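Hi,

Here is the structure I promised to pass on. Have a look at it first, and my notes follow below.

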Amino acid sequence: MSFLAPHDLAFLSPAWIVSAFVGLAIGYAAGLVHFRTLKAVARRLAAGEISAVFLQLGRLALLGGLLFLLALWGAQVLLPGAAGVLLARRRVLAQAEAET
């Protein structure tokens, strides 16, 4: 088993479960960063700053690259990672609603 190919783990083994939780934590952290920076990028876009376009492309590339790395690690990591991104989105949206 190598770091980039642990998809040969036995289903529901302790290592499989740990890798799923690691994927969830990584996805959640990446989602928090991704969605919390969205407000700043939107303000810069509204102000007409062209650099905001590059920041947005960078945000999307980083999140896409992270999900690609999780996919290389296996489905047991990718799916919880994507769920973590969605959970972070929900949290950031709930915080934004509470502020208004």
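Which residues of α4 are buried? They are Q76, V77, P80, G81, G84, V85, A88 and V92, where buried means under 20% relative accessible area, exposed over 50% and partly exposed in between (1.4 Å probe, protein chains only). A word on the source: this is a predicted model, in which local features need pLDDT of at least 70 and side-chain atom pairs count only at pLDDT 80 or more, while totals for chains, interfaces and linings use all residues. Residues are numbered from 1 along each chain as its sequence is written, and side-chain values use heavy atoms, leaving out hydrogens and water.

Helices here are DSSP runs (H or I, at least four residues), numbered from the N terminus. Helix α4 covers residues 75-99, and its buried residues pack against α1 (14-36) and α3 (51-73).

The largest nonpolar core has 7 residues: A30, L32, F35, L63, V85, A88 and V92. Such a core is a set of buried Ala, Val, Leu, Ile, Met, Phe, Trp, Tyr and Cys residues joined through side-chain atoms within 4.5 Å. At least two residues of this core come from each of α1 and α4. Beyond its neighbours within four places in sequence, V85 is in contact (heavy atoms within 4.5 Å) with G27, Y28, G31, F35 and L63.

V53 sits in helix α3 and counts as partly exposed because its relative accessibility is 34%.

Best wishes

Terms used:
Expected span 1.5 Å × (residues − 1).
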